[in-house]
Amino acid sequence: MSAESRVATRYAKAFVSVASQEGNQDALYADAELIMSTIEGSRELSNALSSPIIKAEKKAAILKEIFSSKVTDLTNKLFNLVVEKNRTSALYEIVIAIKAEFDAVKNIQRATVVTSTPLNASTKDALVAKVTKSTGKTVVLEEKVDASLIGGYILTVGDKQLDCSVKSQLQQLKVAFN
């Protein structure tokens with residue numbers, strides 16, 4: 001685990017603990033989603049937060065300008081703390097860790113399934129039921145479509161991946177015959 005990951009985990013645990021005490025977890029989770037999508041959508045913002053050349057005051061002003069009216073007071077305090085401790089380069093990782101910590105507190109398991117065509121409702125429900133049974137958690141399933149798979153699916157749950165795609169099976173056959 002990198003130093004930034006350890007820092008992100010510590011900040012996330014503290015942030016979620018305070019959010020739990022205040023009882024506004026849903027608003028803070030929404031803040032984390034907003035911050036994450038904003039940083040992902042703006043290379044300039046990501047570069048500015050990571051830049052050692054830009055002064056802390058300027059970074060604080062950037063965060064305030066973009067987010068102050070859109071996020072809760074607790075999230076604004078998090079920004080102030082991150083800037084004060086010179087951890088703005090870790091802000092994205094902190095937000096990811098916050099989302100993961102909220103999921104752990106709420107007993108949610110995120111999973112991703114990639115298929116060649118969109119899943120129908122009954123297949124999706126069956127997949128969610130199987131993952132729920134194996135993890136014992138509430139499952140939030142994200143669907144992605146990749147026509148290159150030809151058929152089958154790739155299911156990712158946490159750090160585990162199950163590749164049942166036709167593309168993968170054909171590649172394995174190709175390797176076996178060579």
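Me: Why is Lys 99 called buried?

Reply: The model is a predicted one, and in it Lys 99 has a relative accessible area of 15%. Buried means under 20%, so Lys 99 is buried. Lys 99 lies in helix 6.

Me: What makes the link between the side chains of Lys 99 and Glu 33 a polar contact?

Reply: The two side chains come to 2.6 Å. A polar contact needs a pair of N or O atoms within 3.5 Å, one able to donate a hydrogen and the other to accept it; the pair Lys 99 and Glu 33 is therefore listed as a polar contact. Setting aside neighbours within four places in sequence, Lys 99 is in contact with Tyr 29, Ala 32, Glu 33 and Met 36.

Me: How do you know that the length of helix 4 agrees with 1.5 Å a residue?

Reply: Helix 4 takes in residues 56-67, twelve in number, and should span 16 Å. Its end C-alpha atoms are 16 Å apart, so the two agree.

Me: Which residues of helix 4 are buried, and what puts them on one face?

Reply: The buried residues of helix 4 are Lys 59, Leu 63 and Phe 67. Seen down the axis of helix 4, the buried residues fall within an arc of 40°, so they line one face. An α-helix has 3.6 residues a turn, so residues three or four places apart point the same way. The face of helix 4 turned away from the buried side carries exposed residues, namely Glu 57, Lys 58, Lys 64 and Glu 65.

Me: What do the buried residues of helix 4 pack against?

Reply: Their partners are helix 2 (25-41), helix 3 (43-50), helix 5 (73-84) and helix 6 (91-105).

Me: How does the span of helix 1 compare with the span expected?

Reply: Helix 1 (residues 3-22) has 20 residues and reaches 29 Å from its first C-alpha to its last. Buried in helix 1 are Val 7, Ala 8, Tyr 11, Ala 12, Phe 15, Val 16 and Ala 19. They cover an arc of only 155° around the axis, which puts them on the same side of helix 1. These buried residues pack against helix 2, helix 5 and helix 6. Turned away from the buried side of helix 1 is a face with the exposed residues Arg 10 and Gln 21.

Me: What makes strand 2 and strand 4 edge strands?

Reply: The sheet is open, with four strands in the order 2-1-3-4 and mixed pairing. Strand 2 and strand 4 (160-163) each have a single partner strand, so one side of each is left without a neighbour in the sheet. From one strand to the next the twist averages 15°.

Me: How many residues lie between strand 3 and strand 4 in their hairpin?

Reply: There are two, and Gly 158 in that turn has a positive phi of about 65°.

Me: What makes the phi of Asn 86 worth a remark?

Reply: Most residues other than glycine have a negative phi. Asn 86 is not a glycine, yet has a positive phi of about 60°. Asn 86 is in the loop between helix 5 and helix 6. Asn 107, in the loop between helix 6 and strand 1, also has a positive phi, near 60°.

Me: Why is Asn 86 called exposed, but Asn 107 partly exposed?

Reply: Exposed means over 50%, and partly exposed lies between that and the 20% cut-off for buried. Asn 86 has 61% relative accessibility, so it counts as exposed; Asn 107 has 34%, so it is partly exposed.

How values were computed. Residues numbered from 1 in each chain as written. Predicted model: local features only at pLDDT ≥ 70, side-chain atom pairs only at ≥ 80, totals over all residues. Heavy atoms only, no water. Expected span 1.5 Å × (residues − 1). Buried < 20%, exposed > 50% of the residue type's maximum accessible area, 1.4 Å probe, protein only. Arc of directions from axis to C-beta. Contact = heavy atoms within 4.5 Å. Pairing = 2+ DSSP bridges. Axes fitted to C-alpha atoms, helices over the stretch in contact; angles between N-to-C directions.
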